Amino acid sequence: MVKHSNGSYRWQGIDVHPYKEDGTIFKSVTRQTLFHGGDDLNVELRYFEVGISGYTTLERHQHAHLVTIIRGCGRVLIGDKVIGIGVHDVVQIPPFTWHQFQPSEGEVLGFLCMVNPERDRPQRPTTEDVESLNANEDVAAFIHL
Ligand code: MN
């Protein structure tokens with residue numbers, strides 16, 4: 001049992017970390033790992049929070065994500081589509097699909113993310129990838145590299 005501290009989006013005994021510590025590009029994102037996998041549940045459950053004007057890394061990888069929004073609203077890039085998201089929406093990121101999350105203006109976006117504990121490293125877009133992403137004007141207007 002991991003107790004939530006009422007209304008705080010913080011869980012008791014869980015440290016709040018930077019989203020990533022590998023120097024990839026993101027802005028104003030924190031991570032709390034709520035479940036590391038165990039018994040027959042081969043999943044990690046993390047809570048990510050993207051602050052005002054923040055964004056997650058634009059990336060893709062073999063492993064999938066299953067995301068549930070629990071705070072605020074915003075938009076997500078999935079492949080070549082930019083989609084509005086809000087509280088209680090459930091978002092699937094399939095393998096090898098470009099993705100990036102951003103809150104709406106003035107909003108904080110918080111979401112639970114399920115992922116395999118054993119997973120490959122994310123890929124960042126190459127120059128060619130950026131060209132093809134930018135071919136779609138909605139995507140071009142949305143992404144932060
Ligand atoms: Mn990812």
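A residue is called buried when its relative accessible area is under 20%, exposed when it is over 50%, and partly exposed in between, with a 1.4 Å probe and protein chains only. The model is predicted, so local features need pLDDT of at least 70 and side-chain atom pairs count only at pLDDT 80 or more, while totals for chains, interfaces and linings use all residues. Residues are numbered from 1 along each chain as its sequence is written, and side-chain values use heavy atoms, with hydrogens and water left out.

By that burial criterion Phe111 is buried, because its relative accessible area is 3%, and Phe101, at 4%, is buried as well. Rings of Phe, Tyr and Trp (its six-membered ring) pair if their centres lie within 6.5 Å, and planes under 30 degrees apart count as stacked, over 60 as edge-to-face and the rest as tilted. Five aromatic pairs are found in a search of the whole structure. One of them joins Tyr9 and Tyr47, stacked at 6.1 Å centre to centre with 15 degrees between the planes. Tyr9 counts as partly exposed because its relative accessibility is 23%, whereas Tyr47, at 0%, counts as buried. The rings of Phe101 and Phe111 are also stacked, because their centres are 4.5 Å apart and their planes are at 25 degrees. Together with Tyr19 and Phe48, Phe101 and Phe111 form one aromatic cluster.

The manganese ion is coordinated by Glu59 (OE), His61 (NE2), His65 (NE2) and His99 (NE2) at 1.9 to 2.3 Å, where donors are N, O and S atoms within 2.8 Å of the metal (3.2 Å for Na, K and Ca), and sites may look incomplete because water is not among the atoms. Both His61 and His99 are buried.
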